[in-house]
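Dear colleague,

I am passing on the structure we spoke about, and below it you will find notes on what turned up in it. Please read the notes with the coordinates open beside you.

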Amino acid sequence: MEDNFVHIEREPVTQESFDKLYRKSEGKLHLNDKLKDKFNCSTDKLWRRISSVFPIVAALRYYNFREKFVNDILAGITVGLFQIPHALAFALLASVNVENGLYTSIWPVMLYAIFGTSMHASIGTSAVVCMFTRSIVDREVEKYEGTVSSNSSLSSGLLNNSEFMNYKENVALNIGFLCGISLLMFGILKTTFIAHLLSEPFLKAFTSAAAVHIIISQLPLVLGINIKTHGGVFKIVNICRAIINNLTYIKGLTLLTAVVTIIVLLLFKEFVNEKFKSRFRIPIPAELLVVILAVTISATTVLHREVTIIGHISGMIPQPAIPNLSGCQTYLLDSFVLAIFMYANNATMSRIFAKKHNYMVNYNQESFAHGICNFVGSFFHCIPVSISPRRSMVLSLMNTKTTLTGIYIGLFMLVITVISRFVFQYLPIVTLSAIMMVAMQGLLLQIFDVIKYLRTNKFEFFIWLCTFSATLLLDFTFGMLIGIGASLIAVVVQTQLADGFKLDRMIESKIMVEHKKYQGTAGISGIKIFRFQSNLYYANAEIFRNKLYHQTVNPRKLLKYIKKQVKKMQKQLKEAGGLQKNTTETIKNGISGDENINKTSLPKKEVSNQNSITVTSDIPAISVAYGNVKNRSISTVSRNMYDQDGISRQESVAVSLSSNISNLTFEPEMTDPDDGQEYITDRKYESMRKVHHVIVDFSTVNYIDLTGAKMLGQISSEYGNVNIKLFLASCSPDIQKTMRHAGVLDTIPADCMFIDLYDAIAIAKQAGLTSICQQNADVVVSVDEKF
């Protein structure tokens, strides 16, 4: 039966004594030792370094050819079949030649197989990244059009305009180049935490708005109408206005082709694949089937004369060339923002597959790998690349074991690129547009997540709404920046609303719980326990103090009460006519901190006359005759005073009052008539004076800055002024280090910091027994004049 109970019996221990016994010494290595350890080379160390930079080396070392080769090559061919229509469609989405999409499916995929650590990440063209790239390209083309004063249509006309197509391709390559540099810097400097600012509501809102952008951008091609390219802010509004103005020019056969394509795709995706998913290991590549069907019909009928087709494809593998970076300074910020999104998207997808298949992913290496893919890919005419969720899911379903699958995918796409000039030249462009629109189905359905955020967390709803609205109405870069800004605002506001509450002990189980949320609790006599559920730093330090004072004892209000009561007593005694003028002035000086008071400390004097008011102080004692005073009750008021040099001195004023003087009573009021604030009644004062210790539980605080540490010192001083001790429990070593460097440990001594909450309670109970006995005799309150 004893195993069913939790029973711990030990002596309470402070943090200092515990650290002296068990804390390991923090010995720092000498610079020579650090350099020696850094550059010391051994076989194991060299192997770890090489495999960390080139993970494919470790994959090859432990590669089981017999078990993994067949599965990996089948997975490579399968994903390659999915990648063919994606490469063509998303290149069109990025507003570049379809050949660029094919090139992007070769070199970056192979590079990721060498440098990547996620076994199921399929690198290549990605819808959202391509749409982001298009938004930058269209904006730059609009500027370029104004420069060359061209009035030609820039929708389908650009497909045959080599000058504009070359310019657009160069901008897209520059974006990949700049994104690659940003991602490389993230990985090398290990600053990938930047991307963690992008929360789930942010990513879902951004990708959902991007899906709307993609669908609307493809509407002109689906309807068969030519409109001018629009870029920059309010692009969606301008495109919709142009579509409405050109509705009379809709081509019926083009629209029919799009509708049939969409129906076939939805039929396969929603019915065939769903119905037979238990029989097939992987879903049927409906997009590839639609492409083959469209090419066949277009080539064998007059369809290729009625609708716009891809046309000539070179089918050649271009030689590497350095991108022309002229003018790239205008989209440096856009490329940096896109790089942040790339990393966040890649990290999110990699984390999902790593968790599903139980392996580790190095996110700094992932950033480095994606940087290499974009940077080097830009020299091989590749547009910006990222993880494709759909193709990665196929790799996950096929349970690939290594990144070598990327090599097989790249080789397969290399063959497809060579033969593409014989296969895809009759492919209708509207078919690719329809494929892209159907591919956005899942992202569009994410819009309904806003209902979940609205019901569960208003901050997440705020982030979602700001990001979605800005991305949809303005542009991708503005959407990212505004979304990140909204996320930071939400974090700051949440720290401002950080919760702090008083802890009480369950009567039966002795567990410490929040007193308002559980029944059957009881407080500990003379002790108030407070827990703050947030980090303590400059943004919420004042909030921490206010919540602490509200939930425990407010020393400022207690001081105010004492000062006002003394003034009232002084006034009533004066009205009684028994207090001499010089005594009144002396008492005033003792309460107000008059600098004319003699600072010389003299021995305390005792006056035996019962019919007198005795003022006992470290300054010269004063005895004042007063008649008909019986049954004295002595109340001592002790206060800190500061001279001009800031040196504090203690003064105590003991005023003997008769308990039977009727006019020395104070009627309780809800509002203080002097300042309109809360009025402290005598009953509430007595309740506050019973508290001798306040314990702050730091078990939920992970971080404290200099401002927070100094705030703790101020709080300890203010509690000390009213003879209440502040104890800190469960402070982490980092918190102790910050407090030590802030000089707070001079105010909060080491014996006031404890390893655990129950240690602090035990010591506070022992110290409280003596404190309570003293307070029953005379109440001691310190008044800080500087407060």
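Predicted model: local features only at pLDDT ≥ 70, side-chain atom pairs only at ≥ 80, totals over all residues.

Leaving aside its neighbours within four places in sequence, which residues is Pro 384 in contact with? Residues are numbered from 1 along each chain as its sequence is written, and side-chain values use heavy atoms, with hydrogens and water left out.

Pro 384 is in contact (heavy atoms within 4.5 Å) with Val 129, Thr 133, Ala 172, Ile 175, Gly 176, Met 342 and Asn 374, its neighbours within four places in sequence being left aside. Pro 384 lies in the loop between helix H16 (363–377) and strand E2 (386–387), where helices (H or I, at least four residues) and strands (E, at least two) are DSSP runs numbered from the N terminus. With a relative accessible area of 1%, Pro 384 is buried; buried means under 20% relative accessible area, exposed over 50%, and partly exposed in between, with a 1.4 Å probe and protein chains only. The C-alpha atoms of Pro 384 and Gly 101 are separated by 9.8 Å, although the two residues are 283 residues apart along the chain.

For the chain as a whole, there are 30 helices and 13 strands, and buried residues make up 50% of the 787 residues. Of the contacts with a separation of 6 or more, 79% are accounted for by residues 24 or more positions apart.

The largest pocket may be of interest to you. A pocket is found on a 1 Å grid over the protein atoms alone, as an open set of points where a 1.4 Å probe fits, with protein on both sides within 12 Å along at least five of seven lines, and lining residues have an atom within 4 Å of a point. The largest pocket holds about 1,400 Å³ of space, a volume being the space filled by probe spheres set on the points, which are joined across faces, edges and corners. Its lining consists of 48 residues, of which Met 349, Pro 389, Arg 390, Met 393 and Leu 443 are the closest to the centre. By class, the lining has 25 nonpolar, 13 polar and 10 charged residues, where Ala, Val, Leu, Ile, Met, Phe, Trp, Tyr, Cys and Pro count as nonpolar, Asp, Glu, Lys and Arg as charged, and the others, Gly among them, as polar. Helix H15 (332–357) is among the helices that each supply at least two residues of this lining, as are helix H5 (65–93), helix H12 (252–275) and helix H17 (389–397); the largest share, nine residues, comes from H15.

Glu 287 lies in helix H13 (residues 286–300) and is buried, with a relative accessible area of 4%. Residues up to four places away in sequence not being counted, Glu 287 touches Phe 82, Pro 85, His 86, Leu 265, Arg 390 and Ile 435. From C-alpha to C-alpha, Ala 294 and Leu 432 are 9.9 Å apart in space, against 138 residues in sequence.

Ser 95, in the loop between H5 and helix H6 (98–104), has a phi near 65°, a positive value in a residue other than glycine. Ser 730, in the loop between strand E12 (725–729) and helix H29 (733–741), has a positive phi of about 60° although it is not a glycine. Ser 95 is buried at a relative accessible area of 9%, and Ser 730 is buried at 19%.

Finally, Lys 502 is found in strand E3 (residues 500–506) and counts as buried at 12% relative accessibility. Its side chain makes a polar contact with the side chain of Asp 504, at 3.4 Å.

With best wishes

Definitions and conventions: Polar contact = N/O pair within 3.5 Å; in protein donor to acceptor, adjacent residues only side chain to side chain.
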